[in-house]
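Subject: Structure handover

Hello,

My notes on it follow below.

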Amino acid sequence: MMGPPGSGKGTCARIISKIYGIPHITTGDLLREVASEETERGRMVRGYMERGELVPDEIVIGIMEERLSRPDCEGGFVLDGFPRNLGQAEALDRILEGKGVSLTHVLNLVVGDDVIISRLSLRRSCPRCGAVYHLKNNPPRRDEVCDECGAKLVQRSDDREEIVRHRLEVYEEKTRPLLERYRRAGLVREMSGDLPIDEIPEAVRRVLESG
Ligand code: AP5
């Protein structure tokens with residue numbers, strides 16, 4: 001999954017994961033787990049994330065290498081939030097080559113900055129199972145409580161407007177250029193990140209299964 005912060009990568013990747021029965025691997029959630037540790041590494045990761053900066057490659061790549069080596073990845077997986085710069089894209093190529101597999105699709109979600117900023121202010125996420133809601137577009141059935149596991153929903157500290165604006169700048173500078181690399185390899189499929197949520201499953205099938 002590619003697309004700016006808040007474009008709906010997590011929402012769409014969870015749908016793909018359910019349709020195709022493959023794990024949804026999100027660096028954001030893996031790093032939030034590390035950031036919750038009261039260790040030097042945890043505090044360092046927390047600092048980068050709260051400022052909306054990319055966490056250093058050596059940490060992220062190590063985490064992804066370990067995650068992708070687990071048996072549940074053997075039948076495929078959907079990556080959300082990785083790679084995010086050239087060094088990570090090259091590391092992913094090496095990891096996949098080592099496993100004897102390759103990327104089949106890069107699904108790029110297209111959505112404007114104004115939509116993103118208003119969306120992220122109303123996002124709530126589940127700290128226990130990672131489910132994502134929007135208080136207006138995709139609300140939980142019970143106020144601020146996760147439908148899937150019953151935990152109390154939280155607002156991410158990096159969803160404050162000034163941090164979201166900085167995350168968008170980091171995306172433009174470091175991540176968007178990767179699209180060109182994947183376009184040259186013929187892998188990129190574009191999809192609107194602003195479809196009604198109940199239309200996403202059909203749109204995903206159309207885009208991914210059309211070759
Ligand atoms: P991460 O958690 O990956 O955040 P992100 O990429 O900025 O993306 P988001 O999770 O904010 O949004 P999303 O595109 O998944 O949208 P969502 O589905 O939630 O990364 C956070 C931080 O971790 C980074 O800033 C960095 O510090 C660090 N990090 C992560 N990966 C890293 C890496 N590889 N290297 C270094 N550092 C890394 O949707 C957003 C909202 O919109 C939700 O409320 C949702 O319900 C709603 N919504 C979604 N789709 C729709 C729709 N179609 N219509 C209406 N509402 C919708």
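I begin with the ligand, where a backbone N or O atom of glycine 6 lies 2.9 Å from one of the ligand's oxygen atoms. Please keep in mind throughout that this is a predicted model. A polar backbone atom of serine 7 is 3.2 Å from an oxygen atom of the ligand, and for tyrosine 133 the distance from a backbone N or O atom to a ligand oxygen is 2.8 Å. On its own the ligand has 1,000 Å² of accessible area, and the protein covers 97% of that.

Which elements give two or more residues to the shell around the ligand? They are helix H1 (9-20), helix H2 (27-35), helix H6 (113-121) and strand S5 (132-134). H2 gives the most, with 4 residues. There are 35 residues around the ligand, and those that come nearest are Thr11, Glu53, Arg84, Arg123 and Arg167. Sorted by class, the shell holds 14 nonpolar, 12 polar and 9 charged residues.

Next, the second largest pocket. Its volume is about 590 Å³. The lining consists of 27 residues, and Phe77, Val78, Leu103, Thr104 and His105 are the ones nearest the pocket centre. At least two lining residues come from each of H1, strand S2 (78-80), helix H5 (86-99) and strand S3 (106-110). H5 has the largest share of this lining, at 3 residues. By class, the lining divides into 19 nonpolar, 5 polar and 3 charged residues.

Most residues other than glycine have a negative phi, and most peptide bonds are trans. Here, the peptide bond between phenylalanine 82 and proline 83 is cis, with omega about 0°. Proline 83 sits in the loop between S2 and H5. The other detail is glutamate 144, a residue other than glycine whose phi is positive, near 60°. Glutamate 144 belongs to the loop between S5 and helix H7 (161-184).

Cysteine 149 is also in the loop between S5 and H7. Is cysteine 149 buried or partly exposed? Its relative accessibility is 26%, so cysteine 149 counts as partly exposed. Cysteine 149 and glycine 98 are 51 residues apart in sequence, and their C-alpha atoms are 36 Å apart.

Leucine 30, in helix H2, counts as buried because its relative accessibility is 18%. From leucine 30 to isoleucine 63 the C-alpha distance is 7.7 Å, across 33 residues of sequence. Glycine 47, in helix H3 (residues 40-51), counts as buried because its relative accessibility is 18%. Glycine 47 is 12 residues from alanine 35 in sequence, with 8.4 Å between their C-alpha atoms.

Regards

How values were computed:
Residues numbered from 1 in each chain as written. Predicted model: local features only at pLDDT ≥ 70, side-chain atom pairs only at ≥ 80, totals over all residues. Heavy atoms only, no water. Near = heavy atom within 4 Å. Polar contact = N/O pair within 3.5 Å; in protein donor to acceptor, adjacent residues only side chain to side chain. Areas by Shrake-Rupley, 256 points an atom, 1.4 Å probe, with all protein chains shown as cover. Nonpolar A, V, L, I, M, F, W, Y, C, P; charged D, E, K, R; others polar. 1 Å grid on protein atoms, 1.4 Å probe; cavity = no way out; pocket = protein on both sides within 12 Å on 5 of 7 lines; lining within 4 Å. Points joined across faces, edges and corners; volume = space filled by probe spheres on them. Buried < 20%, exposed > 50% of the residue type's maximum accessible area, 1.4 Å probe, protein only.
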